[in-house]
Amino acid sequence: MLTSVNPATGELIATYAEHTAGEITDIVERTADAQRLWEESDFAGRSEKMKAAAAILRNRKEQFARLITGEMGKPIRQSRAEVDKCARVCEHYALHAKDYLANEPIPTEATQSYIAYRPLGVVLAVMPWNFPFWQVFRFAAPALMAGNAALLKHASNVCGSAQAIESVFIEAGFPRDLFRVLKVRGEKVGEVIGNQHVKAVTLTGSVPAGRAIASKAGALLKKTVLELGGSDPYLILEDADLESAVPICVRSRTINSGQSCIAAKRFIVTSSQLDRFLELFAREMERLRMGDPTEDGVDIGPQSSERLRDELHQQVRSSIHRGARCLLGGEVPRQKGSWYPPTVLAGVKAGMPAYDEELFGPVAAVIEARDDADAVRIANDSVFGLGAAVFTRHEGRGRHIAEKLINAGCCFVNEMVVSDPRLPFGGIGDSGYGRELSYAGIREFTNIKTVYIK
Ligand code: NAP
């Protein structure tokens, strides 16, 4: 049985029966059949349906936002923004898929030689709870527009969101079995990957899940795309404008109640800026309002589950035990639900969880760097490489560090890292491989086929 629990109150929302092995086989086969027909459809037809999906998302925004907030606890304003962003990604691929996947002529000795982007077939998506709509749509919109079918194994605590997304595609007019939800636990995913009709797998989730899925898919020589965790560094250089940098840093650390893979996690501050940064940063963090996520003015909701909240608290305790100074928060509130307050840790050093690991919650790790070069060294002293940001008044220096010196899938200058349908998104190192979004994302689940005509 899969259960949805409201993390703000600890109350059970719903239970869902898991699919049996026989049901899974049946769903996968139906999806493969639907894909074979879908592959023959033209871009204009796919595009109309994808635009219809966007319209449904916009029309039912409030309903979906309340579902998201109920299941995983993010502040309602952010849930509404998430639904809007899903509509945007559908519209983006409805408009651009045809160009992204147009045949590309390559001059050779042949009469004609070119690249054709052909669909792979059925793609399995294993998705997390933190952006229960966005993570799915950013995969599904390009995958379906490319002519693939999709199977969604969503995180076990957001089954309601999974079903709602399936209903959007059906209402939008997509073939009934083209996008199907599999109600299974993580441990069962290996069996699904083993099904002959599943041609590729994408995961957004943790490093252990990434290793498990990549091992299974690798043994069967099936393609994978992995979007895993991150410990994004935000570098405050010696010439950074703190008045503008600090609000961006606070927002990036606390969006989604701190549970975003591209949230700022390590603030690497040069010595000359440290005292003032800590003063401004702690003051802004203290102002944030934690409370009922269904209320409009709330900044921080509960953590998604007590288990993950307790793991976060353990990382905080262990960092303090090893010498970090807790300037704000750091205590579990005595109330029902899985709450954790905005927390600031200063004096963070290598060997502490706050330095070495990902903190998936509203906990900021502030690390002192001697100078700009030392800040770059610390930023790269991580197994992760998802996003990064650099704050400086000198555009040229910012660009040089962002482009050449930081090891990450993206680096922003004087702005917080965000995902955008127009720009490729993904990581290196333990943050995974492959890209989503943009033209790079839609080509991941295609056969980049050479056609050569003498
Ligand atoms: P998670 O435990 O890895 O779960 C993600 C998904 O993987 C869920 O559907 C889960 O199913 C499934 N799963 C877990 N263990 C598995 C296994 N051994 N084999 C196959 N599937 C498995 O992570 P989470 O708690 O949902 O999300 C938090 C983590 O995801 C953080 O580390 C975060 O940084 C990362 N994340 C990364 C991105 C990105 O874009 N790079 C975005 C969001 C989150 P069950 O729910 O049934 O266990």
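In what order do the 6 strands of the open sheet with β5 and β6 stand? The order is β7-β6-β5-β8-β9-β17, and the pairing is mixed. Strands here are DSSP runs (E, at least two residues) and helices are DSSP runs (H or I, at least four residues), numbered from the N terminus. Two strands pair if DSSP finds at least two bridges between them.

This is a predicted model, in which local features need pLDDT of at least 70 and side-chain atom pairs count only at pLDDT 80 or more, while totals for chains, interfaces and linings use all residues. Residues are numbered from 1 along each chain as its sequence is written, and side-chain values use heavy atoms, with hydrogens and water left out.

Strands β5 (residues 122–126) and β6 (residues 149–153) pair in the parallel sense over 5 bridges. Within this pairing, Val-122 stands opposite Ala-149 of β6.

Another open sheet has 7 strands in the order β12-β13-β14-β11-β10-β15-β16, again with mixed pairing. Its edges are β12 (325–328) and β16 (412–413), each with a single partner strand, so one side of each has no neighbour in the sheet. Strand β12 runs antiparallel to β13 (residues 343–346), and 3 bridges join them. Here Cys-326 stands opposite Leu-345 in β13.

**The two domains and their interface**

An automatic or database domain assignment supplies the domain bounds. Domain 1 comprises 2–229 + 428–453, and domain 2 comprises 232–383 + 387–413. Their C-alpha centres lie 30 Å apart. The contact (heavy atoms within 4.5 Å) takes 23 residues from domain 1 and 29 residues from domain 2.

The area buried between the domains is about 2000 Å², and carbon and sulfur atoms give 52% of it. Buried area is the accessible area (1.4 Å probe) that two parts lose on being put together, summed over both. Pro-7, Ala-8 and Trp-129 supply 23% of the area that domain 1 buries against domain 2, more than any other three residues.

Between the domains, 11 residue pairs are in polar contact, both residues at pLDDT 80 or more. Such a contact is a pair of N or O atoms within 3.5 Å; within protein, one must be able to donate a hydrogen and the other to accept it, and residues adjacent in sequence count only if both atoms are side-chain atoms. On the side of domain 1 that touches domain 2, the elements giving two or more residues are α3 (61–72) and α4 (76–100). Helix α4 gives the largest share, 4 residues.

**Salt bridges**

Side chains of opposite charge can pair when their charged atoms come close. A salt bridge is a side-chain nitrogen of Lys or Arg within 4 Å of a carboxyl oxygen of Asp or Glu. The whole structure has 35 salt bridges, and 2 are found across the interface of domain 1 and domain 2.

| Salt bridge | N to O distance |
|---|---|
| Arg-276 and Glu-243 | 3.3 Å |
| Asp-299 and Arg-77 | 3.8 Å |

Arg-276 lies in helix α10 (residues 271–287) and Glu-243 in helix α9 (residues 242–254), so the pair ties together parts that are 33 residues apart in sequence.
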